[in-house]
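The following exercises are to be worked with the sequence and the coordinates at hand. Each task is followed by a solution in steps.

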Amino acid sequence: MRKLNIGLTEEQRRGVCELLNKDLADANLLLIKTKKYHWDVTGPEFRSLHQIWEEQYEILNQTIDSTAERVRALGNYPIGTAEGFLRYGSIKEQTEGVPTSYEMVSNLVDDHEQIIRNLREHIDQCADEFHDQGTADFLTGLMEGHEEMAWMLRSFIEGKAVEPDNQSPAGVKFPVGAAN
């Protein structure tokens, strides 16, 4: 491969790509969990969650491809194996049973928030430690995407309490026209 001359040393590019590969691992693990929940969800929220998660895993697919291409543009190779994702990622797999729809949403919110925290650190490291403003900007865009997905999921469960007797919990406000 031709030597890169883009204003970053090989050491800086290697450091940035290590961060990007961690982000890539997390995005892949979140994609797997989102797809699994998309397949497994049941209950009255099935249709809504099925659609939201399809939208989100399509966004994650684009994020994954862009991140892998950023690693390549910096002269390195992206991780691309399940073993690598598990080794470099901070997201934990859901290996026990099938959670309720509420637990699924809550788990995904936790995962997005973990990724957001990681991205904040990586943005600072890219800018301050590695002097790569381009990757810092790229990661800022990814962070904003995860913030929006987390907000969508949080909005789904905030203020909502499932009651087995079909009674509306006190203090919960429903949108105009929604059945109580």
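## Exercise 1. The buried residues of helix 2

In this predicted model, helix 2 has the following buried residues: Leu 49, His 50, Ile 52, Trp 53, Gln 56, Tyr 57, Leu 60, Thr 63, Ile 64, Thr 67, Ala 68 and Val 71.

**Task.** Determine which helices are included in the cover of the buried residues of helix 2, and state how the span of helix 2 compares with the expected 40 Å.

**Solution.** 

1. The cover over the buried residues of helix 2 includes helix 1, helix 4 and helix 5.
2. Helix 2 contains 28 residues, and the distance from its first C-alpha to its last is 40 Å, close to the 40 Å expected at 1.5 Å a residue.
3. After helix 2 comes Gly 75, which has a positive phi, near 90°.
4. As for the pattern of positions, an α-helix has 3.6 residues a turn, so residues three or four places apart point the same way.

## Exercise 2. The chain as a whole

**Task.** Describe the secondary structure of the chain, and state what share of its 180 residues is buried.

**Solution.** 

1. The chain has 5 helices and 0 strands; read from the N terminus, the order is α-α-α-α-α.
2. Buried residues make up 39% of the 180 residues.
3. The accessible surface amounts to about 10,800 Å², with 49% belonging to carbon and sulfur atoms.
4. Among contacts with a separation of 6 or more, 77% join residues 24 or more positions apart.

## Exercise 3. An aromatic pair between helices

**Task.** Identify the residues that form the aromatic pair of the structure and classify its geometry.

**Solution.** 

1. A pair of aromatic rings is described by the distance of the centres and the angle of the planes.
2. The structure holds 1 aromatic pair. Tyr 37 and Trp 53 form this pair, with 5.9 Å from centre to centre and 50° between the planes.
3. Planes under 30 degrees apart would count as stacked and those over 60 as edge-to-face, so the Tyr 37 and Trp 53 pair is tilted.
4. The pair links distant parts of the chain, as Tyr 37 belongs to helix 1 and Trp 53 to helix 2, 16 residues apart.
5. Tyr 37 and Trp 53 are both buried.
6. His 50 also lies in helix 2, and its C-alpha atom is separated by 8.2 Å from that of Tyr 37, 13 residues away along the chain.
7. Leaving aside residues up to four places away in sequence, His 50 touches His 38 and Val 41.

## Exercise 4. Three salt bridges

**Task.** For the salt bridges of Asp 132, Glu 113 and Glu 83, find the partner residue and locate each pair in the chain.

**Solution.** 

1. Side chains of opposite charge can pair when their charged atoms come close. The whole structure holds 7 salt bridges.
2. The partner of Asp 132 is Arg 70, with 3.6 Å between the closest N and O atoms. Asp 132 sits in the loop between helix 4 (101-129) and helix 5 (133-157) while Arg 70 is in helix 2 (residues 46-73), so the pair ties together parts 62 residues apart in sequence.
3. The partner of Glu 113 is Arg 154, and their closest N and O atoms are 2.8 Å apart. This pair links distant parts of the chain, with Glu 113 in helix 4 and Arg 154 in helix 5, 41 residues apart.
4. Glu 113 is partly exposed at 26% relative accessibility, and Arg 154 is partly exposed at 27%.
5. The partner of Glu 83 is Arg 87, at 3.8 Å from N to O. Both residues of this pair, Arg 87 and Glu 83, lie in helix 3 (residues 82-88), 4 residues apart, about one turn of the helix.
6. Arg 87 and Glu 83 are both exposed.

## Exercise 5. The surroundings of Gln 12

**Task.** Is Gln 12 buried or exposed, and which backbone nitrogen does its side chain reach?

**Solution.** 

1. Gln 12 is located in helix 1 (residues 10-40).
2. The relative accessibility of Gln 12 is 14%. Buried means under 20%, so Gln 12 counts as buried.
3. The side chain of Gln 12 reaches the backbone nitrogen of Thr 9 at 2.7 Å.
4. Not counting residues up to four places away in sequence, Gln 12 touches Gly 7, Phe 130 and His 131.

Key:
Residues numbered from 1 in each chain as written. Predicted model: local features only at pLDDT ≥ 70, side-chain atom pairs only at ≥ 80, totals over all residues. Heavy atoms only, no water. Helix = DSSP H or I, 4+ residues; strand = E, 2+ residues; numbered from the N terminus. Buried < 20%, exposed > 50% of the residue type's maximum accessible area, 1.4 Å probe, protein only. Contact = heavy atoms within 4.5 Å. Areas by Shrake-Rupley, 256 points an atom, 1.4 Å probe, with all protein chains shown as cover. Salt bridge = Lys/Arg side-chain N within 4 Å of Asp/Glu carboxyl O. Polar contact = N/O pair within 3.5 Å; in protein donor to acceptor, adjacent residues only side chain to side chain. Expected span 1.5 Å × (residues − 1). Phe/Tyr/Trp six-rings, centres within 6.5 Å; stacked < 30°, edge-to-face > 60°.
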